[in-house]
Structures are given as C-alpha cells and as structure tokens.
Amino acid sequence: MKIGITCYPTYGGSGVVATELGIELAARGHQVHFITYSQPFRLTGREEGIFYHEVPVFNYPLFEYPPYDLALATRMSEVAEYYELDLLHVHYAIPHSVCALLARQMLEKRRYLPFVTTLHGTDITLVGLDRSYLPITRFAIEESDGVTSISNYLREKTVHDFGILRPIEVIPNFVNCDEYTPLGEKRAAARARYADPDEKVLLHLSNFRPVKRILDVIEVFSRIAQEMPARLLMVGDGPDRSAAEYLANSKGIQNRVHFLGKQDRVHELLPVADLMLMPSELESFGLAALEAMACKVPTIATRVGGVSELIEDGVTGRLFAVGDVAAMAAAAIELLMDDSSLARMGDAARRAAQDRYCASRIIPDYERYYERVLARAEV
Ligand code: GMT
C-alpha cells in the first residue's frame with residue numbers, strides 16, 4: 001500500500017505513534033509518505049520506503065495567523081495525486097482530520113482518496129471540547145472513512161462527548177519490543193553514567209505540560225530521596241520545566257534531579273531506571289509507561305483515562321488517585337526496598353507489553369483496518 005501519514009512531528013505521544021507506525025509499515029513493504037511541517041523527530045531520513053514531504057506555509061503581513069491548515073490540505077492532495085497514495089492516515093484530529101477531508105474533496109472529481117483518523121487524547125478530551133473546535137472536529141470524525149482510537153476509554157469519551165454515531169475501532173498503541181528491551185549485561189555501564197551502584201534510579205518522560213503534573217514527580221521523588229539514595233532523570237522539556245527546577249531547588253534535591261532535556265534515543269535511557277513516575281492528570285493511553293514496561297520498568301501512575309487498560313495495579317505497576325503524592329511515594333519506597341517484588345513486577349510488565357502491545361501484534365491490525373477502509377471506499 002501507499003500510505004500518507006500526517007501528525008505533529010515534534011515531541012508528543014501522537015507524533016511518536018505515527019512515526020513508529022510509518023517505520024513499521026515501511027519495514028513490512030509499504031510505501032509511507034509523511035506530510036508534516038517538519039521531519040518527525042524519530043525519523044533519521046534514511047529509512048527505506050519512507051518519504052518526507054514538508055508543508056510550506058506562506059505568510060503575509062495581513063495574516064495574524066498563517067493558514068497552516070490550508071497549506072496542509074493542499075500538500076496532502078498534491079502528494080496523494082503525484083505518488084498515487086491509496087489512503088491518508090492522520091493522527092490527532094485537530095486540524096489534521098479536517099485537512100484530510102478537504103484534500104479528499106479537492107481530488108474527488110479525479111479519484112476518491114479515503115482517510116483514516118486516529119484519535120489520541122487531548123484532541124477529544126481537551127482541545128476538541130472547546131466550542132471553537134467541537135463542531136468541525138465532530139464533522140471531520142463523522143466524515144472520515146475510518147476512525148480509530150488508542151484506548152476503550154477514548155472511544156467511549158468520543159462517543160459520549162461528541163455524540164459520534166459512526167463506529168470507532170480501538171487499536172491500542174504499540175512498542176517495538178526488540179528495540180525497547182532490558183539492557184542485560186550492558187545495563188550496569190549505562191546506569192553508571194547517571195547513578196552510583198547503591199542509588200535507585202527513577203525516571204519521568206513527557207512533554208512537561210500541566211496535564212503531566214511534573215511538580216508531583218518532584219514531590220514524590222523528594223519523599224523517596226529522604227528514605228534512600230536515589231536519582232531522578234527528567235526526560236523531555238516543556239512549559240512546566242522551570243517550575244519543576246525551582247521546586248527541586250527549594251527542596252534541596254537539585255543535585256539528585258537531572259533534567260536531560262529532549263532525548264531522541266529514549267530506548268537507551270528507559271532500561272537504566274528502576275521505576276517510572278507518571279502522575280498525570282489524564283492519559284488516554286500512557287505511551288511512556290508502555291515503553292518503560294517493555295524495558296522491564298514498572299510505573300507508578302495515576303488511575304485516569306486509559307491507564308488502567310494498560311497497567312494492572314499491583315501486577316505490572318501501581319495506580320493512585322491524581323495528586324496523592326504521599327501514597328505514590330510510599331508505594332515506590334516499598335517496591336524499591338524489595339528487589340524481588342520489583343523484579344517480579346518488571347517481568348510482568350515486560351510480559352504484558354510483549355503479549356498485548358508489541359508492534360508485531362498491532363501493526364497487522366492497522367493493515368487489516370486499512371484494507372477494510374479501502375474495500376468500503378471502492379464500493
Ligand atoms: O498529551 C498530549 O498533550 C497529547 C497527545 C500527544 O500528542 O502527545 O498525547 C496523547 O496521545 C498519546 C499517544 O497516543 C497517549 O499516550 C497519551 O496518553 C495522550 N495524552 C493524553 O490523553 C493527555
């Protein structure tokens with residue numbers, strides 16, 4: 001198949017999923033065309049079967065807001081026509097779904113270009129609920145040739161909050177279990193870059209937006225650091241970083257908290273950790289926790305959105321109420337003091353990732369879904 005993929009190419013779970021999906025599809029012999037405003041950050045540009053098309057946005061002093069959506073719809077239709085794409089797959093409904101709908105209409109006189117919309121979370125639960133976006137987002141979802149969501153939670157939320165009548169297929173997020181894997185013998189050396197052998201390593205990975213509650217990460221860690229030698233790796237960047245740095249400083253733990261910034265090779269960092277912290281206000285899935293699980297690293301998380309579909313409390317991680325930093329810290333301390341429980345949970349986490357979320361399991365679901373969409377479009 002020839003598949004056009006559009007996503008937010010910078011740091012963020014939906015862009016990661018879209019990019020990894022493109023890489024996996026290309027590895028299975030499909031031709032994949034990314035149509036985005038910059039090259040997705042997990043692409044090297046050297047992958048066979050993958051093409052990148054930048055969306056140029058012309059600006060003019062009259063425009064307070066450059067019309068990116070129009071430029072994107074135009075580029076989608078051009079790429080689809082020139083490269084004879086079979087379908088478009090857009091990740092994150094706003095504005096990508098609307099742009100794909102426009103592109104389909106632009107080409108309609110010559111051919112029918114079906115498009116699939118994958119819902120990721122805040123496109124439904126936050127941004128999409130704003131009245132300025134809700135009606136047009138609902139329209140584009142209803143008009144899509146196929147719609148998938150990354151968890152049952154998100155499907156139910158979409159049906160309920162948007163009054164969507166069309167079917168939505170749940171295809172969960174996935175992880176490449178060969179790439180995201182424990183480091184084995186190399187772990188001690190990798191770990192030595194960040195911590196002494198007697199220190200525990202905790203890790204948080206996100207875009208540091210308010211929804212991730214990174215101040216709770218610092219609160220939880222400061223309680224852990226009072227009980228045992230430990231270090232916290234903060235991977236990512238975003239609006240709440242300076243507030244988190246300030247909090248770490250004021251608690252006197254700045255020498256134990258390492259802000260590593262945005263990292264491309266998170267699969268080399270995650271397995272260094274003993275525990276992952278994800279105290280988010282909301283997660284429709286929680287991709288970072290899945291990536292950690294595949295590396296045998298369990299997560300202390302919040303019981304929100306789709307997280308309980310991913311993490312089984314007490315088996316593959318621990319779940320708590322949003323903001324209950326005391327309980328999260330107590331659970332982390334208990335696990336970190338008991339090597340065998342921690343190892344058992346890490347093993348169960350890896351097994352769950354392998355059994356349910358490996359790319360080799362999920363990518364064929366996307367392929368089958370594309371085939372169904374194409375078959376319907378041909379009728
Ligand atoms: O979290 C966001 O700001 C939006 C979005 C993104 O692009 O990173 O994240 C969502 O999509 C991820 C990938 O499917 C999910 O793992 C995240 O749980 C989801 N975030 C939320 O629902 C808050």
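Select Cys295 to begin. In this predicted model, Cys295 is buried, with a relative accessible area of 3%. Now show the sulfur atoms of the cysteines. The closest one to the sulfur of Cys295 belongs to Cys177 and lies 9.4 Å away, which is too far for a bond.

A disulfide is a covalent bond between the sulfur atoms of two cysteines. The link between Cys177 and Cys358 is left-handed, with -140° about the S-S bond. Cys177 sits in the loop between strand E7 (169–170) and helix H7 (187–192), while Cys358 sits in the loop between helix H14 (339–357) and helix H15 (359–378). The two residues are 181 residues apart, so the pair links distant parts of the chain.

Switch to a surface view and look for both ends of the link. Cys177 is buried, at a relative accessible area of 6%. Cys358 is buried as well, with a value of 8%.

Next, select Cys7. Cys7 takes part in no disulfide, and the nearest cysteine sulfur, in Cys99, is 13 Å away. Is Cys7 buried or exposed? Cys7 is buried, with a relative accessible area of 0%.

Leave the cysteines and select the ligand. The space that the ligand takes is the largest pocket. Display the residues around the ligand: there are 18, and the closest are Gly13, Ser14, His120, Arg209 and Glu283. Then highlight helix H1 (residues 13–27). Helix H1 supplies 3 residues, the largest share of the shell around the ligand.

Zoom in on Glu283, one of the closest residues. A polar side-chain atom of Glu283 is 2.5 Å from an oxygen atom of the ligand. Move to Ser284, where a polar side-chain atom lies 2.8 Å from an oxygen atom of the ligand. At Gly286, look at the backbone: a backbone N or O atom of Gly286 is 3.1 Å from an oxygen atom of the ligand.

Finish with the surface of the ligand. On its own, the ligand has 490 Å² of accessible area, and the protein covers 95% of that area.

How values were computed. Residues are numbered from 1 along each chain as its sequence is written. This is a predicted model: local features need pLDDT of at least 70, side-chain atom pairs count only at pLDDT 80 or more; totals for chains, interfaces and linings use all residues. Side-chain values use heavy atoms; hydrogens and water are left out. A disulfide is a pair of cysteine sulfur atoms within 2.5 Å. Helices (H or I, at least four residues) and strands (E, at least two) are DSSP runs, numbered from the N terminus. Buried means under 20% relative accessible area, exposed over 50%, partly exposed in between (1.4 Å probe, protein chains only). A residue is near a molecule or strand if one of its heavy atoms lies within 4 Å of it. A polar contact is a pair of N or O atoms within 3.5 Å; within protein, one must be able to donate a hydrogen and the other to accept it, and residues adjacent in sequence count only if both atoms are side-chain atoms. Accessible areas come from the Shrake-Rupley method with a 1.4 Å probe; for residues, only the protein chains shown count as cover. On a 1 Å grid over the protein atoms alone, a cavity is a set of points where a 1.4 Å probe fits but cannot get out, and a pocket is an open set with protein on both sides within 12 Å along at least five of seven lines; lining residues have an atom within 4 Å of a point. A molecule sits in a cavity or pocket if more than half of its atoms lie within 2 Å of its grid points.
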